[in-house]
Amino acid sequence: MTVETGSFRTGLNGSWGVFRGELRRWFGWRGVFHIVVWSAVIAWILFASVFSSAPIFDGLGFETLVNLLSVIPPIVGIALVTAAVCGGYHNGETAWVIGKPVPRAGQLLATITGLWAGIVATTIVVPALIAYWWLPNSDPYRFVIPQTPPIGRYLMALGGLSLVLAFFMAFAALLSVVVRRRSAVLVVSIWALMMLRIPIAYAEWFDFTPARLIRTDILPGGWAEYTEYIHGAVFDAGSAVWGTLGLTALFLAGAVLAFRRLEL
Amino acid sequence: MTNYAIEARNLTKRYRKVQALDGLSLDVEAGSICGFLGPNGAGKSTTMKVLMGLIRPTGGHAFALGNDVATAGLAARSRIGYLPQDPVFPAQLSVRGLVTYAARLHPGHPVGRTLRRRVDDMLDRVGMSDKARRRVRGLSGGERQRVGIAQALISDPDLVILDEPSAGLDPVGRRAMIDLIADVGRDKTVFYSTHILDDVEQVSDSVVMVNHGTVVAQGPLSSILQATGQDYVVGLRGDTADLKGRVSSQPWVSGLITRSRGSLEEWRIQVSDATAASRLLPILNSGTGHSVVEFHASDRRLEDAYLEMVGANRDS
């Protein structure tokens, strides 16, 4: 038992070190780059959706924001997870870390968690807070001025979108460990993201996936679940949240199991 | 009872059609500097990766510092410093950042000022103090190897495993690496693979030779050299055709290399045991038409032993 305790502490220390190292990367050029680029992209699209008369930007400010935050962060997450897992496997960086007293599960989970935290901060929270400040103060060309949503609901919605991000990162991590080909993982993961956003014929299992949370209903007046929620509607997609959480955990567990068998 | 830092028993590793390790068993004594030799593809890196828990053996067991690497890999790795072949480190880190990061992955690492001081001391030891702020991605091959040594030693491990640390280094870098290994080996067990046999002779006190995934020789360097026999250098003048046939046909002669220098012919005769000298000289002096002008034993070099053991094994 003493050995087990020692090993657990050793493993925890190593995993924490990897997580800390991953997080520190965001406090440099990587963090600045993502904040600047994604804040600018999201602000520009929002700006266009509010002030442009072009039909392509047909939509409301916060609805557009929710849609953007359900697409851009997952794509960034998929790209970075794939680079970390497939890239680290092929260039030997992962082998170097595993050569230290770091358990494989800890290395993988710490890397994904560190990436997730960085992406949430730079591509979800910062652009969303900027939009929260300026969007209600805009003078829209086509629509009414978006109302300032309650901050609590707004932050809860951002949390939900962060869960959607985690789902796609976990999916990409599982594929990365199993397939280990960056281009294939990128294509399949982004395809899955797009498929879940397309409002196809109703299927019951969709209520247990992120699809229920992020796709916009094509029926008149239909918004994405989180858009309705931040504007005061009752949140009735609990099954989708739990389902997404469960699937995320399942993908991560699968990735860890496959990673433990991987030859480095 | 001998205290071993590394023990491997009947290790096998198969990659589809390739048998990388084939019943490899080896022992490395604690406190020794052990050179791990073998041709490309002999199984050196595979063995080291098994010891580091990076790959699973198909069969057999490996122990590092008394820990079974399959079941207590973390405990083993917390006391091992490892430099992989062609190491790739997080490119965005500075030299100091990388060594600090490596230190933090080990349990019980110092923090704050103590950690900074230890990292600075380590960079000083490997001669990288003046490049501490440089990015890892911009380092030359020799500098990267020195940083690799620093990250391997920063946790003050009991066992240091280095996979071809001198590969790709210029003569000055190689010399510095050998000095560093000798320095590290004063208070730690060092197990390193290399193709540069001169380096092994200079710095190692024991050797393990592998070929085709199995150990062909292991033990103290002096024993390895003795076990592979003795060389004699003979200088001859005159007609030596008959003599060459008589010498080569002796069962204890394992090799005969001839070289002409004007009228002088120089032979290097490899014999299987040191007592052969008493039998060799009468044969050399027998017959007519030639005269022996030089006869002495030659220092056996590791290269000769290596070629004899690995070369013979390679053909089998």
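Which backbone oxygen does the side chain of Ser32(B) reach? The side chain of Ser32(B) comes to 2.7 Å from the backbone oxygen of Glu29(B). This is a predicted model, in which local features need pLDDT of at least 70 and side-chain atom pairs count only at pLDDT 80 or more, while totals for chains, interfaces and linings use all residues. Residues are numbered from 1 along each chain as its sequence is written, chains are lettered from A, and side-chain values use heavy atoms, without hydrogens and water.

**Ser32(B)**
- Ser32(B) sits in the loop between β2 (18–29) and β3 (33–37) of chain B.
- Beyond its neighbours within four places in sequence, Ser32(B) is in contact (heavy atoms within 4.5 Å) with Lys188(B), Thr189(B), Val190(B), Asp205(B) and Ser206(B).

**Interface of chain B and chain A**
- Contacts join 27 residues of chain B to 27 residues of chain A.
- The two chains bury about 2,400 Å² between them, 56% of it on carbon and sulfur atoms; this buried area is the accessible area (1.4 Å probe) lost on being put together, summed over both parts.
- In chain B, Leu54(B), Leu74(B) and Leu105(B) lose the most area to chain A, together 27% of what that side buries.

**Salt bridge**
- The rule (a side-chain nitrogen of Lys or Arg within 4 Å of a carboxyl oxygen of Asp or Glu) finds one salt bridge across this interface.
- Glu263(A) and Lys13(B) meet through their side chains in a salt bridge, at 2.8 Å from N to O.

Terms used:
Helices (H or I, at least four residues) and strands (E, at least two) are DSSP runs, numbered from the N terminus. A polar contact is a pair of N or O atoms within 3.5 Å; within protein, one must be able to donate a hydrogen and the other to accept it, and residues adjacent in sequence count only if both atoms are side-chain atoms.
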